[in-house]
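Please examine the sequence and the structure before working through each solution.

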Amino acid sequence: MREAINTEEARKCFAADPEAPVKCVARKTVRKVCQSLEEAEAFFDYMSKPAPATNEIFRFFHCGLCVKEKPKELSPREWAQLEVGWTLHGLQIWCKRHECNVCHIDFEGHQHPANLEIFQRNDLGL
Ligand SMILES: [Zn+2]
């Protein structure tokens, strides 16, 4: 599959064969298979902007034990008992119900851009 790392490359790929999908790669690691130039342009445009403060989650973290025990009448969101917080290594997701680690991301000493808009609001007194 052809690969494009910016809008200009995607434009060339679709000009060569408008029917063939193109694997678009942004920031070296974020990949999306685009079926059209419009989709590729939207992807590169989205990835060129800072992380928004809206809910952009497309795949949720879950505790595997909680998933097994979830009552059928409740949604995963209603059943989840997760805590998220900073650690010395990075960011950890912890299951309160089972007192276990769900995910612990090690930033390996690197700092990454983050949207902390809620902490910058003066009206909250944070
Ligand atoms: Zn759990």
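This is a predicted model: local features need pLDDT of at least 70, side-chain atom pairs count only at pLDDT 80 or more; totals for chains, interfaces and linings use all residues.

**Exercise 1.** Determine the order of the strands in the open sheet of three strands, and identify the edge strands.

*Solution.* The order is 4-5-6, and the pairing is antiparallel. Strand 4 (82–86) and strand 6 (100–106) are the edge strands, since each of them pairs on one side only. From one strand to the next, the twist averages 15°.

**Exercise 2.** Decide whether aspartate 106 is buried or exposed.

*Solution.* Aspartate 106 belongs to strand 6. Within 10 Å there are 12 other C-beta atoms. A residue counts as exposed if this number is 12 or fewer; therefore aspartate 106 is exposed. Leaving aside residues up to four places away in sequence, aspartate 106 touches His89 and Gly90.

**Exercise 3.** Describe how helix 1 and helix 2 are oriented to each other.

*Solution.* The axes of helix 1 (residues 7–16) and helix 2 (residues 37–47) cross at roughly 170° and come within 9 Å. Angles over 145 degrees count as roughly antiparallel, so the two helices are roughly antiparallel to each other. Thr7, Ala10, Arg11 and Phe14 of helix 1 make the contact with Leu37, Ala40, Glu41 and Phe44 of helix 2. By class, this contact has five nonpolar, one polar and two charged residues.

How values were computed:
Residues are numbered from 1 along each chain as its sequence is written. Two strands pair if DSSP finds at least two bridges between them. Helices (H or I, at least four residues) and strands (E, at least two) are DSSP runs, numbered from the N terminus. Axes are lines fitted to C-alpha atoms, for helices over the stretch in contact, and angles run from 0 to 180 degrees between N-to-C directions. A residue is buried if 20 or more other C-beta atoms lie within 10 Å of its own, exposed if 12 or fewer, and partly exposed in between; C-beta atoms are placed from the backbone. Two residues are in contact if their C-beta atoms, placed from the backbone, lie within 7 Å. Angles under 35 degrees count as roughly parallel, over 145 as roughly antiparallel, 65 to 115 as roughly perpendicular and the rest as oblique. Ala, Val, Leu, Ile, Met, Phe, Trp, Tyr, Cys and Pro count as nonpolar, Asp, Glu, Lys and Arg as charged, and the others, Gly among them, as polar.
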